[in-house]
Amino acid sequence: MFYTSRRVTGEEAYRWGLANELVPQDQVRSAAMRLAQEIAECSPLGLISTRATMRAGLAERVLAATNHELVEQNRLRGTDDFKEGVKAVAERRAARFKGR
């Protein structure tokens, strides 16, 4: 797909494991909004870190990506959002992340 830029159908993408969900066309927006809401509830720093990890060449350099992930996790452990996430789990409530 990368080399040819060939488009694949939703069924192909789902079958190949490239898509997590397959919905009818008229339900695409609501399914996307549910996923967006789930992502929006996550730690912004964690999301930025994940994006950086994925763009760091994970497919080509698994070891480099694993090392990067370790560095990121260690860095994130010192943030207010990490402390808030741990506290929220302990208190059985939704976390209130601030991006710090």
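User: What is the relative accessibility at which Arg6 counts as partly exposed?

Analyst: This is a predicted model, in which local features need pLDDT of at least 70 and side-chain atom pairs count only at pLDDT 80 or more, while totals for chains, interfaces and linings use all residues. Residues are numbered from 1 along each chain as its sequence is written, and side-chain values use heavy atoms, with hydrogens and water left out. Buried means under 20% relative accessible area, exposed over 50%, and partly exposed in between (1.4 Å probe, protein chains only). Arg6 is partly exposed, at a relative accessibility of 43%.

User: Which residue forms a salt bridge with Arg6?

Analyst: A salt bridge puts a side-chain nitrogen of Lys or Arg within 4 Å of a carboxyl oxygen of Asp or Glu. For Arg6 the closest N and O atoms are 3.8 Å apart.

User: Which residues are linked with Arg93 in a network of salt bridges?

Analyst: Arg93 is partly exposed, at 22% relative accessible area. One of its bridges, with the closest N and O atoms 2.6 Å apart, goes to a residue that is buried at 14%. Another, also listed at 2.6 Å from N to O, goes to a residue that counts as partly exposed at 44%. The residues linked with Arg93 are Glu84 and Glu91.

User: Where does Arg92 lie, given its positive phi of about 55 degrees?

Analyst: Arg92 has this phi although it is not a glycine. Its relative accessible area is 79%, so it is exposed. Helices are DSSP runs (H or I, at least four residues; strands are E, at least two), numbered from the N terminus. Arg92 lies in the segment after helix 5.

User: How much accessible area do Met1, Trp16 and Leu18 have together in their nonpolar patch?

Analyst: Patch residues have over 30% relative accessible area and no salt bridge, with nonpolar side chains (Val, Leu, Ile, Met, Phe, Trp, Tyr) joined within 5 Å and like charges within 9 Å. Trp16, in the loop between helix 1 (10–15) and helix 2 (28–40), is partly exposed at 42%. Areas come from the Shrake-Rupley method with a 1.4 Å probe, and for residues only the protein chains shown count as cover. Together the patch has about 330 Å².

User: What is the mean confidence of helix 5?

Analyst: pLDDT is the predictor's confidence in each residue, from 0 to 100. The chain averages 90, and 95% of the residues score at least 70. Confidence is lowest in helix 3 (residues 44–55), at a mean of 89, and highest in helix 5, at 96.
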